[in-house]
Amino acid sequence: VGVGIGNISLKDSSTVSESDSLRNRYIKIGSNSIIGRGQFSCVVRAIDSKLMRICAMKEINTSNESNRGQAEAEVKFVQSFGGVSVKHENIITIHQTFVSNITTTFVMEYASMGSLQDVIDTVGISQYAVSDCATINENVAVPPPISILPFSWISAIGKATFSALNFLHINNYAHFDIKPGNIMLF
């Protein structure tokens, strides 16, 4: 399992004004291309028609003031790494950023396994093993919780998340939105 923290920008990112030729390079995949939604944004699956690779596009509608402020903060964060070679294996790569009057779009690395929240929603965090029930009295049995995810996954996700956050903190940045939906799995 590879792990990356989403909602953070990284290596090789460039911010450009939106142009038809660049924007048309990225094509949304399928009629149901939405793979995630946030408070300010929508993330869609797309293909980079030039490099023939799947990517994710985070789109922020900047027609209202609060969304515009969020988009500006994220673009500023991307640009703050501009002159420095910032590379960390557990932070999502942002390939390009497009800014227009009504939308800011971040073209990013695609996390093929989705987010940790997707895994939790699909399989849960724990299950009960009926055969291992502890009996409170003769009529009620309370099973101990058992993790559905293998310990090796839990350990890898924890270590990778800590490593990425440590990297950010060493470089005087804070994420402010660590949650299962922003921990991406590869």
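I began at the hairpin of β5 and β6, where four residues sit between the strands and Met-52 takes a positive phi near 55°. Strands here are DSSP runs (E, at least two residues), helices are H or I runs of at least four, and both are numbered from the N terminus. I count two strands as paired if DSSP finds at least two bridges between them.

Notes on the source. This is a predicted model, in which local features need pLDDT of at least 70 and side-chain atom pairs count only at pLDDT 80 or more, while totals for chains, interfaces and linings use all residues. Residues are numbered from 1 along each chain as its sequence is written, and side-chain values use heavy atoms, with hydrogens and water left out.

Entry: strand β5.
I looked up what β5 pairs with. β5 and β6 run antiparallel and share eight bridges. Within that pairing I found Val-44 opposite Met-57 of β6. Strand β4 (residues 34-37) is also antiparallel to β5, over three bridges. There Gly-36 stands opposite Val-43. A hairpin of three residues connects β4 to β5. β3 joins β5 through three bridges, again antiparallel. Lys-28 has Ala-46 as its bridge partner in β5.
I then checked burial, using relative accessible area: buried is under 20%, exposed is over 50%, partly exposed is in between (1.4 Å probe, protein chains only). Strand β5 spans residues 41-48, and six of its eight residues are buried, so I noted the strand as mostly covered.

Entry: strand β8.
How many of the seven residues of β8 are buried? Six are, so strand β8 (residues 103-109) is largely enclosed by the rest of the structure. I traced its partners next. Strand β6 (residues 53-61) is joined to β8 by seven bridges, and the two run antiparallel. Asn-61 has Thr-103 of β8 as its bridge partner. Strand β7 (residues 94-99) pairs with β8 over five bridges, also antiparallel. In that pair I found Ile-94 opposite Met-108. Three residues make up the hairpin from β7 to β8.

Entry: salt bridges.
I used this rule: a side-chain nitrogen of Lys or Arg within 4 Å of a carboxyl oxygen of Asp or Glu. The count comes to six.
Lys-28 and Glu-59 form one of them, with closest N and O atoms 3.7 Å apart. This pair links distant parts of the chain, as Lys-28 is in strand β3 (residues 26-28) and Glu-59 in β6, 31 residues apart. Lys-28 is partly exposed at 45% relative accessibility, whereas Glu-59 is buried at 16%.
Lys-58 and Glu-74 form another, with closest N and O atoms 2.9 Å apart. Lys-58 lies in β6 and Glu-74 in helix α2 (residues 65-80), so this pair ties together parts 16 residues apart in sequence. I found both residues, Lys-58 and Glu-74, buried.
Asp-48 and Arg-53 also form a salt bridge, with closest N and O atoms 4.0 Å apart. Is Asp-48 buried or exposed? Asp-48 is buried, with a relative accessible area of 1%. Arg-53 is partly exposed at 32%.
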